[in-house]
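Morning, everyone. I have one structure to show you today. Please look at the screen, and then we'll go through it piece by piece.

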Amino acid sequence: MTQNQELITAIIEVLASVAPEVRDLELDPHAPLRDQLELDSMDHLHFLIGLHGRFGVDIPESDYGAMRKLDEVANYIAPRRQPGP
Amino acid sequence: MIDVQLPSLGPEMTSGKLLEWRIVPGQQVRKGTVIAVVDTEKAAIDVESWHDGEVVELLATPGQDLAVGTVIARLATPGEARLTLPASVPRSVPTPSAPPSAAPVAATVRALPAARARAAELGVALEGRRGRGPGGAITLQDVEDWATEHAPRAADAAAGGDRPDSVRRAIAASMARSKREIPHYYLWDEIDVAAALGRLRLFNAARSVTGRVLPVAMLLTAVARAAGEFTDMNGAHDGLHYRPSGRVNLGVAVALRSGGLIAPALIDAHLLSVGQLMQGLSDLVRRARAGGLRSSEVTGQTITVTALGDEGSRGLLGVIYPPQVALVGIGRISLRPVVESGVVVPRECVTISLAADHRVSDGRRGAQFLARIAALLQSPELLEGT
């Protein structure tokens with residue numbers, strides 16, 4: 001759980017580089033991100049590029065649908081992430 | 001000698017605030033070199049030089065509000081006799097009155113006048129320090145950064161406060177002028193993009209997340225190429241005469257997170273492949289929101305596109321940005337019933353609209369323009385060579 005919390009914090013940091021207002025929000029991990037933040041398709045792509053840079057996980061377009069909520073993103077990243085430097 | 005004037009960074013701009021110099025006397029600049037950062041109602045803009053030359057003197061101080069057209073610097077053209085002006089002792093620059101307590105700064109310190117003044121104000125010692133300006137010259141930004149660990153960048157500071165109000169004022173001025181002066185006509189069409197999106201999915205499946213292309217980039221590429229062929233949709237009207245443009249500087253409406261929008265240009269968009277346009281768009285959106293747009297990007301638009309994205313409305317009828325003569329509106333891509341060989345089938349479609357200027361074109365021509373965009377989207381070659 002604490003490891004998961006650390007991962008979620010790191011994901012939020014990536015999100016904040018795209019949507020700085022996330023720092024002032026208490027995100028619900030079980031609700032769609034797009035309902036809580038104004039993210040357009042370019043923001044979403046920049047978020048995925050950020051995740052790729054941070055965790056070394058390349059997310060194919062066909063998996064975008066499985067990454068709508070914060071907990072879904074964490075569940076997707078956790079088993080696939082590259083060991084950090 | 002060339003007088004460098006504060007340029008107009010938008011059709012309704014009358015004044016701006018100099019935030020920062022990016023040049024020092026003695027420095028060589030080329031056409032396109034960023035010389036200063038100027039705050040407008042909408043954003044902090046990197047102002048580029050229009051000429052090659054050597055900076056002779058800076059005539060304005062960061063923090064000053066200046067009218068458009070004010071001479072802010074002088075350049076010597078490459079042919080002119082080079083003035084011997086040691087960069088460390090910039091003369092004839094109106095140094096803001098430093099407090100009398102300001103310690104004299106050693107002549108060996110290379111610093112911009114504004115940086116010296118600010119250093120005196122903040123009590124920052126400059127001796128022995130190197131800045132990030134040319135040849136290690138200390139810039140205003142260096143001083144600000146040294147003064148406080150996390151000094152806000154000029155652009156960030158400018159982005160706060162009453163920015164949404166001023167953005168709204170700028171939009172209001174431009175749009176009111178448009179509705180007053182431009183006799184708009186409107187056309188729209190629903191375009192079946194299922195095949196194009198299918199090709200795009202294949203294209204993206206073969207690429208890492210950093211090389212993927214969004215549907216909007218494909219749509220913009222088609223619009224840019226069509227605009228390059230339709231000279232009566234791509235240019236500028238000064239109220240009396242229309243001047244078609246030989247290049248397509250595609251304005252792209254970008255929503256600002258604080259509200260409002262700005263429509264900077266993708267320069268020469270008609271020459272870009274889909275992949276190049278996607279990279280350019282990604283970079284442009286980032287800079288529109290974080291700062292760093294260049295003067296050529298906020299002044300040179302020849303036609304504008306506004307795309308609502310996949311959470312937006314089905315379609316829109318836009319307002320043309322003067323002095324341009326056309327605006328293309330792209331609605332949300334969605335599954336819609338399409339009749340094909342007498343059978344209703346669900347297909348991905350997008351509503352693309354045109355608002356165009358009746359002083360320059362008429363509906364028949366506008367319809368041809370929309371049809372050309374649709375045809376380009378159907379052509380598999382759109383994605384080739386990217």
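First, some terms. Helices (H or I, at least four residues) and strands (E, at least two) are DSSP runs, numbered from the N terminus. Axes are lines fitted to C-alpha atoms, for helices over the stretch in contact, and angles run from 0 to 180 degrees between N-to-C directions.

This is a predicted model, where local features need pLDDT of at least 70, side-chain atom pairs count only at pLDDT 80 or more, and totals for chains, interfaces and linings use all residues. Residues are numbered from 1 along each chain as its sequence is written, while chains are lettered from A and ligands numbered from 1 in the order in which they are written.

Now, chain B. Take helix α6, residues 215-229, and helix α7, residues 274-290, both of chain B: their axes come within 9 Å and cross at roughly 115°. Roughly perpendicular covers 65 to 115 degrees; under 35 is roughly parallel, over 145 roughly antiparallel, and the rest oblique. So α6(B) and α7(B) are roughly perpendicular to each other.

Which residues make the contact? From α6(B), Ala217(B), Met218(B), Leu220(B) and Thr221(B); from α7(B), Val274(B), Leu277(B), Met278(B) and Leu281(B). Contact here puts C-beta atoms, placed from the backbone, within 7 Å. By class, that is seven nonpolar, one polar and no charged residues. Nonpolar is Ala, Val, Leu, Ile, Met, Phe, Trp, Tyr, Cys and Pro; charged is Asp, Glu, Lys and Arg; the others, Gly among them, are polar.

Next, a sheet. Chain B has an open sheet of four strands, in the order β1-β8-β6-β3, with antiparallel pairing. β1 (2-5) and β3 (28-29) of chain B each have a single partner strand, so one side of each lacks a neighbour in the sheet. β6 (53-58) and β8 (71-76) of chain B pair over four bridges. Pairing takes at least two DSSP bridges. Glu54(B) has its bridge partner, Ala76(B), in β8(B).

On to the two chains together. Chain A puts 13 residues into the contact and chain B puts in 15. On the chain A side, helix α3 (residues 41-55) of chain A gives the most, with six residues. That side divides into six nonpolar, two polar and five charged.

Last, confidence. The complex gets an ipTM of 0.86 and a pTM of 0.77 from the predictor. Chain B averages a pLDDT (the predictor's confidence in each residue, from 0 to 100) of 85. Residues 83-107 of chain B stay under 50.

Methods. Contact = placed C-beta atoms within 7 Å.
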